[in-house]
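The points may be read alongside the sequence and the 3D view.

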Amino acid sequence: MTSAPTAMTEPDPGTPRDPIGPLKDREQVAERLLDASARHSFDPDTELDWDAPPEADKWFWPPELVSLYDTPLWRKMPLEQQRELARHEAASLASLGIWFEIILMQLLVRHIYDKPVTSAHVRYALTEIADECRHSKMFARMIQWGGSPTYLVSRLHHNLARVLKTVSTTPGSFACTLLGEEILDWMQRLTFPDERVQPLVRGVTRIHVVEEARHVRYAREELRRQMVTAPRWERELTRISCGEAARVFSLAFINPEVYRNVGLDKREAVAQVRASGHRREVMQTGARRLTDFLDEIGVLRGPGRRLWRSSGLLA
């Protein structure tokens with residue numbers, strides 16, 4: 001006797017949808033992320049060997065990801081100067097990461113302020129804030145371990161971010177979260193398996209990649225929900241604020257003082273980075289997964305899309 005085929009479960013017609021499909025239940029997503037956090041969280045203070053000195057023949061960042069790579073200036077630089085630039089750029093990116101994570105923690109606290117405190121959604125946000133606290137301390141310790149300066153963003157960008165996080169809409173907060181997380185995450189996924197790179201730097205990037213994967217999932221699911229449920233004015237403001245954040249982020253990505261500190265002419269180095277086809281491809285490739293997602297859910301529209309193009313992150 002042939003059994004009847006099993007009917008596929010259809011989503012509840014009342015479930016909110018976006019261009020990707022039905023939105024997932026907020027509490028179920030958070031419960032899964034809480035479970036993953038319980039199984040795969042790390043204490044960098046004990047996981048990493050901070051007493052091991054840097055290895056003389058290792059890079060602090062993959063050379064292909066260094067801003068000047070494959071420029072005329074890079075080809076003139078001796079190997080030791082190239083490695084020195086990579087060391088300073090790793091510190092610059094770690095400094096940027098700390099700046100961004102402090103902003104993110106404030107945005108998350110604002111997001112949950114009016115939410116039910118016993119919900120899984122709020123508990124996961126608090127878990128993510130704890131993760132980001134550890135990451136910021138880990139990045140600061142890595143900068144000190146490598147012996148490079150801390151590279152603060154410019155006063156202008158620091159104050160622009162102060163304004164942005166003050167006026168940011170809820171969907172804007174999650175869009176900016178993804179901007180800061182996904183491009184660095186792409187670079188770190190290339191870094192942690194790279195045996196040319198310092199073992200401690202590889203360990204730092206491995207921890208960050210594992211834990212940030214949960215943060216990206218949380219932000220993507222919430223941004224999808226917000227772009228469906230938020231008022232029209234809020235969605236329009238999000239498109240513009242997200243584009244402006246991309247513009248600022250791309251300008252602040254590497255502090256130009258790194259060039260002066262390794263003995264290069266800062267003005268010439270900045271000009272060659274801006275003219276570099278390789279660098280443009282690196283940044284656009286790192287952003288592509290994010291820009292494809294934002295485009296699909298309707299964030300990259302109107303003036304905001306033009307700001308993304310001006311940032312160099314969108315082809």
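**Note on charges, rings and cysteines**

1. In this predicted model, the charged end of R220 is placed over the ring of F293, at 4.2 Å from its centre. A further case is R206, which lies over the face of F42, 5.3 Å from the ring centre.

2. The structure contains seven aromatic pairs. One of them joins F60 and W145; this pair is tilted, with 5.7 Å centre to centre and 50 degrees between the planes. F60 belongs to the loop between α2 (44-47) and α3 (72-76), whereas W145 belongs to helix α5 (residues 120-146), so the pair ties together parts that are 85 residues apart in sequence. F60 is buried, at 9% relative accessible area, and W145 is buried as well, at 15%.

3. The rings of Y124 and Y218 also form a tilted pair, because their centres are 4.8 Å apart and their planes stand at 50 degrees. Y124 is in helix α5 and Y218 in helix α8 (residues 199-229), so this pair ties together parts that are 94 residues apart in sequence.

4. W59, Y69 and W74 together make up one aromatic cluster.

5. How many disulfides does a search of the whole structure find? The search finds zero. For C176, the nearest cysteine sulfur is that of C242, 5.5 Å away. A disulfide requires sulfur atoms within 2.5 Å, so the sulfur of C242 is too far from that of C176 for a bond. C176 is buried, with 6% relative accessible area, and C242 is buried, with 0%.

Conventions:
Residues numbered from 1 in each chain as written. Predicted model: local features only at pLDDT ≥ 70, side-chain atom pairs only at ≥ 80, totals over all residues. Heavy atoms only, no water. Buried < 20%, exposed > 50% of the residue type's maximum accessible area, 1.4 Å probe, protein only. Phe/Tyr/Trp six-rings, centres within 6.5 Å; stacked < 30°, edge-to-face > 60°. Helix = DSSP H or I, 4+ residues; strand = E, 2+ residues; numbered from the N terminus. Lys NZ or Arg CZ within 6 Å of the ring centre and 35° of its normal.
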